[in-house]
Every structure is written in structure tokens, then in C-alpha cells.
Amino acid sequence: MKFGILVNEGPYQHQASDSAYQFAVAALAKGHEIYRVFFYNDGVNNANKLTEPPQDDRNITRQWSALAAAHNLDMVVCVAAGLRRGIKAEILAPGFNISGLGQLIQAGIEADRLVVFGD
Amino acid sequence: MSDTQAGEGGNSKVRRFMFVNRKAPYGTIYALEALEVVLIGAAFDQDVSLVFVDDGVYQLKKGQQTKDIGQKNFSPTYRALGDYDIEKLYVERESLQARGLAPDDLLVPVRVLGSAELGVLMEEQDVVLSF
């Protein structure tokens, strides 16, 4: 199956991004395809490469970057939501790209299921 | 759910998108940013509907005044949705009643449905985006 994933919460404060990541890992392991991961609302903060959690904690941003590199994931950060929160090209972690909300709608059209992870 | 439809790429597929609005208009940004998705989505010629449940019903309340909280009153935008050919607005009856609201208190004409009826409608969607 072809999944779209929408992440609407930032890292750490909510579990949404962890759950989305774990869902993506599990789906890929089962041979499913991830059409796109779209980051919206505070979810855009997942793309911040300046993120620096304590050493004994997971680095959510780096996890996403590594998953994207391993599976050639399309990870899109909403430009409007990003600008509001200071998430711009210069602080994007590897694998993330900035684009418009049309990419979310497109994911809804093209994916078999769009799964929303939020509050 | 009709997953597979003929045609690849472009916007040839028309899918049923439902936006579920669950939060009060102010206090968090969910309502405003959900509306921004709806407006962009309108350009894709999809079959769009909006649902208002829980505190989300307050998004449609008449007479919103936001000056004292220093935020923009974006509620007039709901009245403009018709200009974008978005005309399916559903409000959950239980949510309205629990908050002492009636359809007359709302900015726009809506269809009031019970939660069971809404559940049936959700089942018929291709994409459900909740905010």
C-alpha cells in the first residue's frame, strides 16, 4: 500500500512525531511505500537541524533524516507554517524540503491512505 | 474506501476530503492553519467537506471579537468558503447542544448531524484530515 503521512506536532512535547516515525519504519519493513511525509503545524519543528537533545535521548530530527536517506523518502515541510516558526532552508536537516500545502493535498490524492499524527 | 482509481499523476482523481475541526478558534493555531489547508485544497477540485465537532463548533460562532487578545479574527473566511465551491459544512449536534449553541448562533448555514450520522459520512471519505 502507498501511504501518505502528516505530522502535525513538534518533537518531544508530543509523541506524534515518534509515532509517525515508528509507523513509517514499520510500514517500510512490511514492504509498503511511503508516498510522502508532510510536516505541518508545529510539526515543521521536526526539520530543525539545530535540535540537540540530551545524549541519552533519541534525536528525532536525525532519525527522520536517516530514514529519508535509507529509503529515499520525500519529506516536505510546509513553507507557510515553517516561516511562522522560523523554519527556513538554512536550518533544515538533511532530507527535508520546503514546499507548499499543495504537496499535502497531492499526497491525499495520490496515496492510498493518508495517516495523520497529531494532538 | 475506493483506493484505486484509473489514471496516474495530475489532478485527474477526484477524492473525498473531509476536514475535521475539533479545536476552539483561538488558544491554539489548529483552526487557522486547518482553514489554510482547506483554501489551498479548494484549488485542486476535490470533493471537500468540513466537519465541526467538540470545541471546533466555536469556530463558526457569530460575533467573534479578537481585538483584546491581539489576534486576527479570521472567522469571516468561513463565510467566503462558498466562493471556493466549498459548501458541505457539517456540525455535530451533540457538540452544539453541549455548549448551549443552536444553528442560529453560527456564521454560515450548516447541516447539523448526530455523531452516528457523522460516523457514516466519515466512513465514506477517501481522506480525513483532523485538526
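This is a predicted model: local features need pLDDT of at least 70, side-chain atom pairs count only at pLDDT 80 or more; totals for chains, interfaces and linings use all residues.

User: Which residue has a positive phi of about 50°, and why is it called partly exposed?

Analyst: That is B:Asp54, which is not a glycine either. B:Asp54 belongs to the loop between β2 and α2 of chain B. Buried needs 20 or more C-beta neighbours and exposed needs 12 or fewer. B:Asp54 has 16 within 10 Å, which falls in between, so the label is partly exposed.

User: What makes B:Asp55 buried, exposed or partly exposed?

Analyst: B:Asp55 has 19 other C-beta atoms within 10 Å. The cut-off for buried is 20 or more, so B:Asp55 is partly exposed. B:Asp55 sits in the loop between β2 and α2 of chain B.

User: Which residues is B:Asp55 in contact with, leaving aside neighbours within four places in sequence?

Analyst: They are B:Arg22, B:Lys23 and B:Ala24. B:Asn21 is 34 residues away from B:Asp55 in sequence, and their C-alpha atoms are 8.4 Å apart.

User: How do you know that β2 and β3 of chain B pair?

Analyst: Two strands pair if there are at least two bridges between them. Four bridges join β2 (residues 47–52) to β3 (residues 88–92) in chain B, so the two strands pair. They run parallel.

User: What is the order of the strands in the open sheet of chain B, and why are β4 and β5 said to stand at the edges?

Analyst: The five strands follow the order β4-β3-β2-β1-β5, with parallel pairing. β4 (111–113) and β5 (127–130) of chain B each have a single partner strand, so one side of each has no neighbour in the sheet. On average, neighbouring strands of this sheet are turned by 25° against each other, direction ignored.

User: Which helix lies across these strands?

Analyst: Helix α4 (residues 115–123) of chain B lies across β1, β2, β3, β4 and β5 of that chain. Its angle to β3(B) is about 140°.

User: Which residues touch the most other members of the largest nonpolar core?

Analyst: Among the 66 residues of that core, they are A:Ile5, A:Leu6, A:Val37, A:Phe39, B:Phe19 and B:Val51. Helix α1 (residues 30–42) of chain B gives the largest share, six residues.

Definitions and conventions. Residues are numbered from 1 along each chain as its sequence is written. Chains are lettered from A and ligands numbered from 1 in the order in which they are written. A nonpolar core is a set of buried Ala, Val, Leu, Ile, Met, Phe, Trp, Tyr and Cys residues joined through C-beta atoms within 7 Å. Axes are lines fitted to C-alpha atoms, for helices over the stretch in contact, and angles run from 0 to 180 degrees between N-to-C directions. Two residues are in contact if their C-beta atoms, placed from the backbone, lie within 7 Å.
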